[in-house]
Every structure is written in C-alpha cells, then in structure tokens.
Amino acid sequence: MHHLVRRALSVAIAAGLLAAPAATALAQAPAPAQGKVTFTVGIQSDVDSTNPFTGIVVEAYESYALMYDYLVSSKPEDVSPMPSLAESYQEAPDKKSWTYKIRAGVKWSDGQPLTARDAAYTYNRVIKGDFEQTNYGNYVTNIERAEATDDTTLVLYVKKPTPIMERLAIPILPEHIWKDIDGTEVKSFANEPENGQPIVGSGPFRLVERRKGQFLRFEANKEYWRGAPKIDELVFRVFLNADAEAQALTRGEIDFAYDLQSNVYESLKNKPGITTRSSQYPGFNEIAFNNGAALADGTPIGDGHPALKDKQVRLAISQAIDRDVLVERVLQGHGSPADTFIPPMYPALHLDPATKQTFDPAKANQILDAAGYPKGADGVRAKDGKKLELRLFVREGAESEATGEFVKTWLKDIGIEVNVKVMSEDALTEIIGQGEYDMFEWGWVVEPDPDYQMSVFTCGKRSYKDGDSIFADLSDSFYCNPEYDKLYEQQAGETDPAKRAELAKRMQQMVYDDAAYAMTYYYNDMVAYRSDKWTGFVPQPAPDGSLLFQYGIHSYLTIEPVKATSPAAAAAAEDGGMSPALIAVVVGGLAVVAVAGVLVARRRRTADADERE
Amino acid sequence: MATATVSSPDPGPVKTPFLTGTRGYVIRKISWSLGTLLFVLVFNFFLFRLLPGDPIGLYSRGRNMAPEQLVKLRAQLNRPVGAQFLEYLSNPFASTINSVRFNRPVWELVGERVWPTVLLVGTSILIASVAGVWLGIRSGWRRGGTFDRWTTGTTNTLYAMPEFWVGMVLLIALPFFPSGGISTPGVTGLLDTILDTAWHMVLPVTALAIVYLAEYTSIMRASLVDELRQDYLQLARAKGLREDLVRRRHAVPNALLPTMTLIFLNLGFVIGGAITVETVYSWPGLGLLSYEALRGPDIPLLQAVFLLFSIGVVVFTLFADLLYAVLDPRVSSQ
C-alpha cells in the first residue's frame, strides 16, 4: 500500500474510533410516541417563565395564550377586537362600567367549572396586586374593581371611559388554584407541571411537560369550547443555534421554524417539502432624533446636538434616507418602506400620509440651505460656528450596523458628517434615557391597541429624576408637543373605535410632519414550515400575516396533517436521508482533515529526519 | 565523622517544624485555597457593583409596568452598600434578590444547569483523557514512527479546528443523531430516559472530546519523550525487564504527572461549561447561563455563577496539588 494512502486510511480509522460511542448508541435510538399527532415548533429563545405574571418573551406570552382564555381576542382577518371567553361585552350607558357575558359551560382542565368569579378574581388580583402589576399594570390603571354579579356576568368598573376595555389581554386564572399562591410566593412560582400533573387551565392546550432550555410539551384540550384542536400534542423546542434549527426542519425533527434570520431563511428556500414565508409583522425601525432631551417637567438634560431641535434639519435628514435601498439591501426585501408609527398591518389605524418624505437629496440640500446651514469649505454645513457633525448610535447586529453605514453615506451627500458607533442594546438604553445622543437606530413592535405606542411621544413619558439619578421612561426621542398630548388624552377616553382611529391618524400625521423619527422600514416575520406534512394555518391578518405567534390563538386550532397516513408511512416520510449537497459537505470536511493530517505528518517526518542528521 | 559529631554544638531537643513535611504541605495548600476563595468572594461583590447599567430599566423594558412599581423596585437596590455586602456574605447563593432576567432565585437556576454541564464536559474529559493518554504513550514510546506521525498530525489538526465548526460538521455529517437538546419530549421510564440522554450526548461529547484529545495526547507524548533518555530506564532494561514492563512500571508513572495536572485543571473548568458546544447543540448548561447573565448584566446571577466557577477551579487545583504529593513524594518533602 502506498504510504500516503495508508496514512489517509489511518486518519479515517481515527475518525471512526471517535464515532464508536455513536455507533453503539445508534442501535438504541428511542422510538417517538406512537399514534399521536404531534406538531413541533422550533423557537430560538426559551419561554422564560410559564407563570403569566413573570414571563416576558413573546414565546412565553404564546404559551399563556395556549393554556388560558382571555375575555377578548383579536380577529384573524384584520386583528380587530373579537369576543372570546366573554361571548359579548358592552359599555354601560353612564360609561362607568363594562359588562362581559362569560361563556357558560366552560371547564378548567381539572373538571371544575370556569365562571365569572374566576375572571373577577384574576382582575382584582392584578388591580390590588403588587408583583401582579408587573406584566399587566397598564391594562388596569383605569379599572377600579372587578365584580362577578353571577356565574356568567363580569362587571369591570372604570375610573373614566377608556377604549382599552376591548383589548384586555390578561389570562383568566383558576381561582381555586391561585388563591393558595400569595403575593410573595407568586414572584417565584414556576407554574410548571409537577409529578405528572398538568397545569390547570382552560385554553386549547395544557402544559404537561417542561424542560428548561429544551422544550415545552402541551396536550390538546379536546373539550375546548372553540372546538377540539386537530393535533394531539404541541411541542415548543428551543434551539440556540439557527443553523441547527434549519437542519432539524429539513430532517423533519421539527415542523415549523419560528423567527428566522434572513440568511437561514434563504438557505431553506426551495427545499423540497418546506415552505418559507415572510409575513407581515407589526414592527418598524427608525432613526430616532434627540428632539431636545429634557425631563418630563421640562428641565433640559443630555448633550444632544442643538441643530436637531430644528424641525427643518430633521426633515432634511428624513428626505436624505433611501428607504427602498434599506429594504432591499438590509432586509433582503423582507419588509417595506416605513412612514408612520402604526404599521399598515393595522389598516383601521394606520395613516398613509398624503405627501411622503421620499428620498430626495436635492430637496434635502435645499431645506438646509433655506434653514441657514451653509456648507463650509470642507463640505460640512454649520450654523453659528457649530458644525453639523452628528453621532449615530447603532446596535450590535448586521441589520442595524448596515443601516448606520448607509445613513452615514447619504448624510455626507447633504453636508452632514456622521460618526457611527456600535453598542449593545443595554448600553444604548442607558444612553437614551440620559439624552446623551444625537441619533440612534432601533425599533418598536406595535400592539393591536395603539395606546402604548402613542404614549411614547407624549411629554410626560420623557425621562424622570429620582434622587440624583435620571431614569428613562418610554420616550426615546424626547418629542414634546402640547397639541399632541391633548389628542392623546382625548383618544384615551374615546370608546368609539371610528372616532378614536381618526384621532390616532391625526397624531401620526403630527409626529410624521415634525419628523420626531426618520422612520426606516416595516419588517417582516420570517418562518419556514413543512408544507408537505401540515396544512390548515390561519394567517393574521389575512392573507399575508403571521401563521403562528399571533394575537390570539387561531392556527393551533386548525393545523392538521396533510392527509391521514399510517404511523409507519409517516415515519418513512420523515426519514429523508442525506442530500447530495450534504454528502459533499461531509466528504469535503473529512477530506480536509485527512489531507491536513497527512501534510502535518509529512512535515514532522521531514523535521525528524533533519534532527537526526 | 565521629569527630565532626563531637565538635558540633548541642542541637538541643529536636523540633518538628509545624509547616514542613506532608502535613505542612497539606495545610499550606488548603489555607491558600481558602484565602483565594475569600478574595474571590469579596472581589466579586465589588466587581459587579462597578458594572454600568440600570438593572431595573432592563427588567421593566417590554413590560406593561406601572410607574409606582418601578419606584418601589428602585428603592430595593438603593440600600446602603454595607448592608448589601453583609447580606451577600451571609449566603451568596440564597440572594434574596432574584435573578433579574429570570425572576427566580439564582441558586435554583444554577442548580438546574449544573448537571447537564457536568454530564457533557465530564464525559468528554473522561473519554478524551483516557484516549489521549493512551495515544500519547503509544506515540511517545515509538517517537517518529508511523503511529506517532499520524496521531500527532491528526490530533494537531483536530485541535486547530474551532469547536463550533467541529460541532456543525458533525451535526450535518451525522443526520441520524438529534440536532440538539438533552431529551426527547414525552420519553418516560428510567431506562428509556438514560438511553435517550446517551443518544443526545453522542454528538456534543464527540465534538468536545475531539478538541480536548490533542491536548492530552501531546502533553503525554512530550513528557514520555522526556523520560526516554533517563538512566533509570536503562537500568530497568539492564535488569532484564521486557520493553512494555519498562514502559508501564517505570516510564509512564513518571510521565503522568503533567497530564494529571492538566486533567485536574480542566476538571476545574468543567463547571464553566463549554459555551460554544453548548450553543451549537442547544445544550442548556452553565456556560450558556453565564453568557445570558453577562448580557444583562444580571448581577445576582453573575455573582453566583462566577463564585461557582472560582470554587470549581480552586477546589480542583487543590485536588491536583494534594494528588501530586501522593504521586511524587518529593513534592511534599521540599
């Protein structure tokens, strides 16, 4: 045998030795649970807590929506309010209370009946609670108390009229379980299955198994009042590595991959049996300006560039940004150019401005000339001896950093010098609260009820002082406009949806005209799933919206296998085998190792020979 | 000799110095370790209070929290440093403030992450050290031979590859193994659970073992090569011992010392986990927990995790020191 071949072979044997434990284990691969229809969703951050008072990530809220019922929900077609556990609801003529008719005959998973008393208990617990306010405090600031007048009637008394009553997203908890968990215990209460006992809930699924950092397993509630789910089990499986998640989807280990980065998304395109989907999502990104940082009482703080207090400068910058390029190059087309702060996913509320701040460097230059910022010899504009040199803080991550570089180039063309600095989101949060920035790149996800998002632009949400320290509130632009605040107060008490939408549109127009932000894009939510095996998804909103992780549980009730196959056939279908590309990668990898090994060995032999001589 | 004895002054009663000999050695080592631990404990407390960041701001971000709630939370963190330090010293693991990110007691979080990490890294080190020592002995004894050349070549190449890359290649190359996690949902029963866990361990353990292997092989090989020229081996051969007896009884025990140090040092780091491999295989271990804690920063959690890491390293270094005294009596007699 040629010695090179022999060496290559020995390398291969060494590799084989390392895989030996693999081979023994191979013979004992565990069989999946038989006969059950299981739908597995890959997620990239674990549910941080299954206690609805504690969790914060979107995956956690999804688990609450699976386990519990809510008074109201959001329609799949257009995300507008729809009755849920409350089959109907009505504001009292005196506008001092709302009455919810609770569905009769609903049962908790332990057989106890679910009544309006459970709902009243849950709401009162949040209203009077301390820790319980953490996740839901904003929903109940206007609610005085909750009362169950009989088993099917819940009355919520309000301090003043408020439209949020149609959007109350607090999961209704079983009083007979939660009354034993007091205000202290609730803080560390895990709400996880113990000794094989599932969590008591009323939702379409019940949590039966939880392994932190690994998976959550839910069992369908076949008695669910909206109809039995067509699957028997639902599993959320955590992946910390997006490539591994994509592998798992191609192999059929999982059926749905949620929240994909665009490179992984592209790698899954055109794979047999897999459908990739870029869905409309209620999130936007922006370049936020320091509109003049101050505390809520008006005391100036921070070190923002004074020119940014000038609306004309902000408008010019907004018109120097080419949003189509950002969508194409930063999002790879998975989004659309943005203008106002309520995304078009909410058609009833979104304002499509009549005149848009489109990309027009000539116009931007013109605005700055007219506003009194002439260009200096070095091409940088200045006013009163202060140059237009602005800091732009972007967040770690390809998308934010790329946006920063584009903006820097575009602003150079209109005589503004930009210094881009990359930092962590945590560091940036701190800096924003102190008002120590000129511009930064970030975004928001807008809830179906726009109140929270609209409050971001009110004077009262600017930073505040506690002792000697300044703390951030919601405002990240320090926009403050008394007229806007007036409209905000007005909409907060407007319970007629049409009138409120009108106010919301006027508020968006105001913020848009004042260019508090230069909005960049609305981005999509990217997922991939096994369309060869599953069907029956309900998009929200129709037809381009998300398939899972919606407002309300819709798809989980209707997802079903493509056609009824015997378990054996399904198993056969899952066994995809290796694709030619994969084999190429593997062989390539082994070849690299082998060649490198041989080369090193040869070198060593030569060296040894030298030493001996 | 006799004259010398007579002329020397009376040495007085013979004292056994307390801190010499084996007992002294042990006591010295243990007190050093305790001192180090105490230093780490104090240092950690102040280190994390120097970190910038607003933990409450971080906690409230994305929650529908009422402003009064925030003020209350802030008040908790604004207690005097002295009071906080006393509380911290009293029991660093039962910190009354929960982990900021997870909202649960830190020791509970750490506790559930320890075993996956010990299982993963411990098994890998065990496999890698047994295989590495064996390969090192084989190749060192026949230095420059074919076996030596390809072993060294292969292990060096494997050592040069980044862990995450080895992990990804294995993941893609061996599609019949699970792509991550420790267990399959819905598997019950003791035997099934053990088999299921072993099944999930194959890839991550292989990936880690590959990377550790080269270290043990090359250290073992190098220290054996050092022994090859020693006179006592010639003597052993001269006594008429067979070659493999010379190796097993004389060369290897002496050459093992540096490798033992390395193994114990690595065991100390076991607890720190293997962040990259844990990430590739979604293995919920301590490495990932510390990474998540650092992103906050989740100060209570960071304190517990750092303390645990320090304890791991200090305890295993102590073990290595004590074991040295057993393996090589010269160490404690100095």
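This text goes through a predicted model, taking chain A and then chain B.

The mean pLDDT of chain A is 87, and 86% of its residues score at least 70. Among the elements of this chain, helix α10 (residues 311–319) of chain A has the highest mean pLDDT, 97, while helix α2 (residues 20–26) of chain A has the lowest, 41. Residues 1–33 of chain A have a pLDDT below 50, although the model gives this stretch 40 contacts beyond near neighbours in sequence. Residues 568–581 of chain A also stay under 50 in pLDDT, and here the model has seven contacts beyond four places in sequence. Where pLDDT is low, the predicted coordinates should not be read in detail.

The domain assignment divides chain A into domain 1, residues 72–178, and domain 2, residues 284–523. Between the C-alpha centres of domain 1 and domain 2 of chain A the distance is 36 Å. Contact between the two involves 12 residues of domain 1 of chain A and 13 residues of domain 2 of chain A. On the domain 1 side of chain A, the residues that touch domain 2 comprise four nonpolar, four polar and four charged residues.

In chain B, the UniProt record (an unreviewed entry) lists "transmembrane region" for residues 32–51, 114–137, 158–177, 197–214, 255–281 and 301–327. Two of these spans can be compared with the model. Residues 114–137 of chain B are 100% helix and 0% strand, with end C-alpha atoms 33 Å apart. Residues 197–214 of chain B are likewise 100% helix and 0% strand, and their end C-alpha atoms lie 26 Å apart.

Helix α11 of chain B runs over residues 243–270 and has a kink of about 45° at B:Val252, shortly before the proline B:Pro253. B:Val252 is itself one of the buried residues of α11(B), which also include B:Arg247, B:Ala251, B:Ala255, B:Leu256 and B:Thr259. Further buried residues of this helix include B:Ile263, B:Phe264, B:Leu267, B:Gly268 and B:Val270. Among the elements of chain B that cover the buried residues of α11(B) are α6 (106–141), α9 (190–228), α10 (231–238) and α14 (299–327).

One of these covering elements, α10(B), is itself hardly covered: of its eight residues, the count of buried ones is zero. Just after α10(B), B:Gly240 adopts a positive phi of about 100°.

How values were computed
Residues are numbered from 1 along each chain as its sequence is written. Chains are lettered from A and ligands numbered from 1 in the order in which they are written. This is a predicted model: local features need pLDDT of at least 70, side-chain atom pairs count only at pLDDT 80 or more; totals for chains, interfaces and linings use all residues. The bend at a residue is the angle between axes fitted to the seven residues ending there and the seven starting there. Helices (H or I, at least four residues) and strands (E, at least two) are DSSP runs, numbered from the N terminus. A residue is buried if 20 or more other C-beta atoms lie within 10 Å of its own, exposed if 12 or fewer, and partly exposed in between; C-beta atoms are placed from the backbone. pLDDT is the predictor's confidence in each residue, from 0 to 100. UniProt positions are given in the numbering used here, feature names are shortened, and annotations may be inferred rather than shown by experiment. Domain bounds come from an automatic or database domain assignment. Ala, Val, Leu, Ile, Met, Phe, Trp, Tyr, Cys and Pro count as nonpolar, Asp, Glu, Lys and Arg as charged, and the others, Gly among them, as polar.
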